[in-house]
Amino acid sequence: MTTYKFFSWMAALFWMVVIFYLSHQPGSASSNLSSGVVTALLDLLNLIAPQVELDVETFHTFIRKNAHFSAYFLLGLLSLNAWRSSGFTGLKQLILGLGMCILFATTDEIHQLFIEGRSGEVRDVMIDSAGATLGVLIYSLFGCLWGSMKEKTLKRK
């Protein structure tokens with residue numbers, strides 16, 4: 001196993017552990033964490049634009065759901081990179097990368113059914129999957145662009 005392949009998989013697995021750790025927190029701890037983030041963001045917004053008024057509950061929901069999206073966006077990037085480092089390309093790489101993320105999102109929501117104060121939400125799986133899909137697509141797009149640039153550079157030589 002190459003060093004690059006090892007670290008690619010370790011990065012993806014590490015991020016999955018982080019997601020699992022955060023979802024394993026009881027509902028009260030998770031709510032306190034997100035409330036702290038929301039409070040800090042509202043304080044910052046109040047400094048920048050004091051005239052803006054937001055519904056705190058709606059903003060809190062927005063931040064929580066964007067955390068899901070962002071976490072799985074990164075997982076999509078990392079998973080596709082890991083599969084690529086293992087020699088998978090094209091459609092097979094996309095299916096494996098996205099499949100891994102969707103399966104993890106699904107099992108993570110099922111896991112939350114057993115955590116005090118948490119619930120498993122199909123909506124969260126959909127948000128997670130959307131984030132992973134965007135991560136996979138952006139990785140693929142940049143991979144295509146990078147490959148095209150390398151090819152043009154080689155043709156010039």
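**Helix packing in a predicted model**

Colleague: Which residue follows H3, with a phi that is positive?
Modeller: In this predicted model, H3 is followed by a residue with a positive phi, near 95°. Helices here (H or I, at least four residues) are DSSP runs numbered from the N terminus, as are strands (E, at least two). The residue that follows H3 is Gly 87.

Colleague: Before we go on, what pLDDT do local features need in this predicted model?
Modeller: Residues are numbered from 1 along each chain as its sequence is written, and side-chain values use heavy atoms, with hydrogens and water left out. Totals for chains, interfaces and linings use all residues, whereas side-chain atom pairs count only at pLDDT 80 or more, and local features need pLDDT of at least 70.

Colleague: How far does H3 reach from its first C-alpha to its last?
Modeller: H3 covers residues 56-85, which is 30 residues, and the expected span of a helix is 1.5 Å times one less than its number of residues. The expectation for H3 is 44 Å, and the reach in the model is close to that, at 43 Å.

Colleague: How far apart are the end C-alpha atoms of H4?
Modeller: H4 runs over residues 90-112. Its 23 residues should span 33 Å at 1.5 Å a residue, and the model agrees, because the end C-alpha atoms are separated by 33 Å.

Colleague: Are H2 and H3 roughly parallel or roughly perpendicular to each other?
Modeller: Axes are lines fitted to C-alpha atoms, for helices over the stretch in contact, and angles run from 0 to 180 degrees between N-to-C directions. H2 (residues 27-48) and H3 pack at about 110°, with 10 Å between their axes. Angles under 35 degrees count as roughly parallel, over 145 as roughly antiparallel, 65 to 115 as roughly perpendicular and the rest as oblique. H2 and H3 are therefore roughly perpendicular.

Colleague: Which residues in H3 do the listed residues of H2 meet?
Modeller: Contact means heavy atoms within 4.5 Å. From H2 come Ser 30, Ser 31, Ser 34, Ser 35, Val 37, Val 38, Leu 41 and Leu 42, and they meet, in H3, Val 56, Phe 59, His 60, Ile 63 and Arg 64.

Colleague: How many charged residues has the contact of H2 with H3, by class?
Modeller: Ala, Val, Leu, Ile, Met, Phe, Trp, Tyr, Cys and Pro count as nonpolar, Asp, Glu, Lys and Arg as charged, and the others, Gly among them, as polar. On that division, the contact of H2 with H3 has seven nonpolar residues and five polar ones, while the number of charged residues is one.

Colleague: Is the crossing of H1 and H4 right-handed or left-handed?
Modeller: H1 and H4 pack at about 25°, their axes lying 10 Å apart, and they are therefore roughly parallel. A crossing is left-handed if the near helix is turned anticlockwise from the far one by less than a right angle, and right-handed if clockwise. The crossing of H1 and H4 is right-handed.

Colleague: At what rough angle do the axes of H3 and H4 cross?
Modeller: H3 passes H4 in a right-handed crossing. The axes of H3 and H4 come within 9 Å, and their crossing angle is roughly 140°.

Colleague: Is Gln 93 buried or exposed?
Modeller: Gln 93 is found in H4, and beyond residues up to four places away in sequence it touches Leu 80, Trp 83, Arg 84, Phe 88 and Tyr 139. Buried means under 20% relative accessible area, exposed over 50%, and partly exposed in between (1.4 Å probe, protein chains only). With a relative accessible area of 9%, Gln 93 is buried.

Colleague: What relative accessibility has Pro 26?
Modeller: Pro 26 is found in the loop between H1 (3-24) and H2, and, leaving aside neighbours within four places in sequence, it is in contact with Ile 115, Glu 116 and Arg 118. Pro 26 counts as partly exposed, with a relative accessibility of 36%.

Colleague: How far apart in space are Tyr 4 and Ser 86, C-alpha to C-alpha?
Modeller: Tyr 4 lies in H1 and is partly exposed, with a relative accessible area of 43%. Not counting residues up to four places away in sequence, Tyr 4 touches Asn 81, Arg 84 and Ser 85. Tyr 4 and Ser 86 are 82 residues apart in sequence, but their C-alpha to C-alpha separation in space is 9.5 Å.
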